[in-house]
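I opened this notebook to record what I looked up, one entry at a time. The entries follow the order in which I checked things.

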Amino acid sequence: MVARVDLNSKMPKNVGPAKSRLQLAAENSPRAQIRSKFEKFFATRKKMSPTTKKKLKKVLLALLAVFCFVTIAGGLWFFAYIQKLDAGIKSIDDIFRERELASVFYDRKGKELYKLFNNYNRDPLNIEDIPPLVKWAFLASEDIDFYNHQGFDPIAIVRCAVLNLRSGAVSCGGSTITQQIVKIQTNQDQPTVDRKLQEILAAIKVEQAYSKDEILELYLQVIPFGSNIYGLTSASEFYFGKQPKDLTLAEAAILAGMIQNPTYYSPTIGGNTEEKQKRIKSRQENHVLNQLRVHRDQINSQYRQQIDDQEADDLVTPELIDEAIAQQITYREPIFTTKKAGHAVDYALELLQQRNYNNGEKPFELTELQNGGYKIYLTLDYDLQQVAERTVLDAVSSYGQTYAFRNAALMTTVPSTGQIITMVGSRSYFEKDECINDDKANCLFNAQVNVLTSLQSPGSSTKPMGTYEAYRQGLVFPASLLPDVPIDPGGGYTIKNWNGTYFGVSDKTTVGQMLRESRNLPAIVILEMIGTERFLDVMREFGYTTYKDNSQYGPSVILGGADVKPVEHAQGYGVFATGGNLLQSEIIYKITDREGNVVYEHKPEPKKVGDERAAYLINQTLLNNHLLSWDGRDNAAKSGTSENSTDAWIANWSPDYVTIAWIGNNNNQYMDFNAFGENAVSPWVKDYMAKIGGTEYFAAATPFPRPGGIIDIPGCGGECLGGNVGLNAGLRIGLEGAGYPVDNTRAKVRVCVDQTDRLARPIDEALGKATDLIVTSFRMPAPSLQGFLDKYLAEQKTPNGGPTEQCNIDRTGGGINGPFFQNVAVTSAGGNVRYTGNVYSTGGAVTNVEFYFDCNAAANCTAAKRLGAQVPTNNAFDQTFALPGALQPGTYTVMLRATDGTTTNFSSPVQVTVGTLPTATFTFNPASPLVWTAGAVLDVTVTLSAPMTLNTMRLFSQANGGAAVAAGNPAGGPTVFVRNNWPVPDPGAGNTVNYTFYMTGNITGTTTGTYTTLVSPAFSVTRP
């Protein structure tokens, strides 16, 4: 420290010419004051006598001899002592060794994310970037004569020694900035004489070896500012949130005032910060700013000399100092960990120690990063990272309770570079873990576990890689048949669809639609086609490192039966986004060392691992799946849900981006059964992409480019009979030259209209009960699994290739075997009888039909009754014959007989009316209405309009239209028939009954001829 000089104190009156303030300051310096006191002391002494002088001379000579002896001896001892001390001094190069500097992580645009250090939170500093006022604030506080001394200030040392003796404690050090550097860099803190002398010697050597700016630069890098904060750069960032070049004089004076005792003066670290802020404000004003005020002439002169401009304005002015005193100081809130994007930073730190980022030769050691002062720029955009972090936090809040999950993760990459733009490894990096029974190994949520870099079950989100390979090999295209039927792959695996149902075979069961629907059994068919080993090869080619020994995996591997790292999942989907290029997911953008040299800079190195045509087919297959396009752009998506709903995913991609999102619980506790990617993940992913999709990384909205070698595959026309490739309902594009096999053959068969699952018989055809049906023979894409398809279709009553059994409906109406008749009609007119109708046979074509008259049973249909025969045409007959003999008018029964060459059957009896039947008149005695009395009888007389020869006549009555009841046999004829004394039934008290009568009779001389007539109006019987 240096003594204060008040340049405003009064000067002696009798002075010579006006002196400059600098001259006045020199005359009043501590050295000048001590010299003045000695001169005054000797000037006031009285003159001595000769005798006294003689004695004094002898004494002085003796003392001089002793002094010389002591001086020589002491000099020799002191020289040896100094040599010993000098030998113990570290080399100056060691003092000026490369300082331990913190490495800083930034986002791609330079926003600080995290500072990594070991013992010293220290940032690089270039003295040329430090404003002169800031430098002089420190020099005024610690070493105002810094530019004038050679490493130490003897006057300051003596002054501090006196002050320390007076106070009985070390209250002043008297050390120059150069000495302070030596003390800090040699870690020598004990205030011993030996240490102080060594410090001075080392300081002299430092001054001889380095320039003042180099010394000041080192000083401003190593001085402590409280806690583990070292150096001006770190301090200005910690206390004020700004770089040193942006500090005001007031703020610089605050920092300069802290150096003497950071623990005591630090305004925001430790307890009682309000009192500490008062202390540092007082020290700022009364020490640092006052020193600037007192020494401003010296400072301004030195400043002009340094800039080589004697006409320059003053650097320090009273007004400037007053403004600094008046400025209200605003401190930054103390943040002891400023880690932003914590999971991404941790991932970057891990990779730095694994990959050859160190000049492309080797990984970094942790201590290199902690102490090396590297600037590490991540590929993240922190503005978008904050959007992603908020999205994940809100997703758990909005959907977590409904679907029983406590954690989520999200990341987005640029597929053309592989650079990770956002990475959120859990819902929050700093929240408290949610553990069961305080078991840290059993937590629903682990804050600092990065889900994106840990192993997770991908569920169905790996199915596209298998389908891609089937596309690549030209085995199928999006519209190819891919049945969804039960399959037992063997090996103890039981595989079902998520809901236990099957789509079977329909226009929806195409390769593309089954992938969009994420059906499990069709995926097993795909795996059988390409082979498990080839699937594993594809996964490795796409950049997955978690697939090891092939023997560990079975058919479930395509369904997510092997864990993956989500960060590798993003690069896997990047192969689709780029049309076949693998770009490793990258989070390190650039690294520079403390001198600004570029140690590493990311240069994308695409590796062609996929077929761009097959990738395009995948992109088109999953185009706008789950409706995730927020602005109409091309994008594809695939969900995934692991077994028992422990994980749910959405992978969403376009040529501009790949986004991977996950939900679940860290301890793999089951989520709700309905926690699927499409309903529990895709809504908030779509919202997230809408927020970031317009930024410079994704705004191009690039469509999926269609490569050469993709052709449109024409579908079949009309009824699509014959062999066909693919189903008409699918996406009909594929690889040129692939030669896709026929997977369905269509044919037309005849089935019954009322049994469409059965083939029509001749009888069905004859009866018009047959219709055409288009049936398909389906070929399983994996021939080894054809049996499962055939079995399923048979169980569903839709055999592969159509019906195999004939209809079994009884078309005869009575279980007839052989010929039978339908629609038989017999009419007579003008002495002729006409037979029409149809005849069929259950055993073949009917060869002959015979017509009989006046017979009602096969036994009665004798040759005498046969009118003739006919060969039916198209199962129909129409034949007219002359009536046999003179027949009375009446109703006769006829029959027909048919044969099919094997069996002969008769038809049912058919009635035909011959001639004009006579009418009948009924008369009653007594007349209607009849008042009933006990034992009442009725005489009924039937009079025909023409005589009839009838036998076996009968009279019937119907009461109130009810059932016919025999009323007796009339007598008489051939015109009048009488039934006497018909007992009238009792209608019941207060009732009236209406009776209707009719008479029947067999015509004499025939087998089946009958006559029937009805009478009306009704006969009424009333009982009072």
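**Entry: strand β24**

I started with strand β24, residues 832–841, in what is a predicted model. How many of its residues are buried? I found that 8 of the 10 are, so β24 is largely enclosed by the rest of the structure.

I then looked up the partners of β24. Strand β23, residues 819–829, pairs with β24 in the antiparallel sense over 9 bridges. Within this pair, I noted serine 828 opposite valine 833 of β24. The hairpin of β23 and β24 has 2 residues between the strands, and glycine 830 there has a positive phi near 55 degrees.

β24 also pairs with strand β27, residues 876–882, again in the antiparallel sense, over 7 bridges. In that pairing asparagine 838 faces alanine 876 of β27.

**Entry: strand β6**

Next I went to strand β6, residues 407–414. I read it as mostly covered, since 8 of its 8 residues are buried. I listed the side chains by direction: Asn407, Ala409, Met411 and Thr413 point one way, while Ala408, Leu410, Thr412 and Val414 point the other way, and all are buried.

Which strands are joined to β6? Strand β16, residues 658–664, runs antiparallel to β6 and is joined to it by 7 bridges. The bridge partner of alanine 408 in β16 is isoleucine 663. Strand β7, residues 419–424, also runs antiparallel to β6, with 5 bridges. There, leucine 410 has valine 424 as its bridge partner. Between β6 and β7 the hairpin has 4 residues, and glycine 418 takes a positive phi near 80 degrees.

**Entry: two open sheets**

I wrote down an open sheet of 5 strands in the order β2-β1-β5-β11-β12, with mixed pairing. β2 (112–116) and β12 (598–601) stand at the edges with a single partner strand each, so one side of each has no neighbour in the sheet. From one strand to the next, the twist averages 15 degrees. At the β2 end, strand β1 (residues 103–106) runs antiparallel to β2 and is joined to it by 4 bridges. Serine 103 stands opposite leucine 116 of β2.

The other open sheet I looked up has 4 strands in the order β31-β33-β37-β36, and its pairing is antiparallel. Its edges are β31 (920–925) and β36 (971–972), each with a single partner strand, so one side of each is left without a neighbour in the sheet. I checked β36 against strand β37, residues 976–983: they run antiparallel and are joined by 2 bridges. Glycine 972 stands opposite phenylalanine 977 in β37.

**Entry: helix α28**

I turned to helix α28, residues 786–795, where Gln786, Leu789, Tyr792 and Leu793 are buried. Seen down the axis of α28, the buried residues fall within an arc of 135 degrees, so they line one face of the helix. What covers them includes β22 (770–778). After α28 comes lysine 797, with a positive phi near 65 degrees.

**Entry: helices α19 and α22**

I looked up how helix α19 (residues 463–472) meets helix α22 (residues 532–541). Their axes come within 10 Å and cross at roughly 105 degrees. That makes α19 roughly perpendicular to α22. On the α19 side, the contact is made by Met465, Gly466, Tyr468, Glu469 and Arg472; on the α22 side, by Arg534, Phe535, Val538 and Met539. I sorted the contact residues into 5 nonpolar, 1 polar and 3 charged.

**Entry: glutamine 302**

Leaving aside residues up to four places away in sequence, glutamine 302 touches Trp136, Tyr147 and Asn148.

**Entry: the whole chain**

Last, I noted the totals. The chain has 28 helices and 40 strands. Of its 1024 residues, 48% are buried. Among contacts with a separation of 6 or more, 68% are between residues 24 or more positions apart.

Terms used:
Residues are numbered from 1 along each chain as its sequence is written. This is a predicted model: local features need pLDDT of at least 70, side-chain atom pairs count only at pLDDT 80 or more; totals for chains, interfaces and linings use all residues. Side-chain values use heavy atoms; hydrogens and water are left out. Buried means under 20% relative accessible area, exposed over 50%, partly exposed in between (1.4 Å probe, protein chains only). Two strands pair if DSSP finds at least two bridges between them. The arc is that of the directions from the helix axis to the C-beta atoms. Contact means heavy atoms within 4.5 Å. Axes are lines fitted to C-alpha atoms, for helices over the stretch in contact, and angles run from 0 to 180 degrees between N-to-C directions. Angles under 35 degrees count as roughly parallel, over 145 as roughly antiparallel, 65 to 115 as roughly perpendicular and the rest as oblique. Ala, Val, Leu, Ile, Met, Phe, Trp, Tyr, Cys and Pro count as nonpolar, Asp, Glu, Lys and Arg as charged, and the others, Gly among them, as polar.
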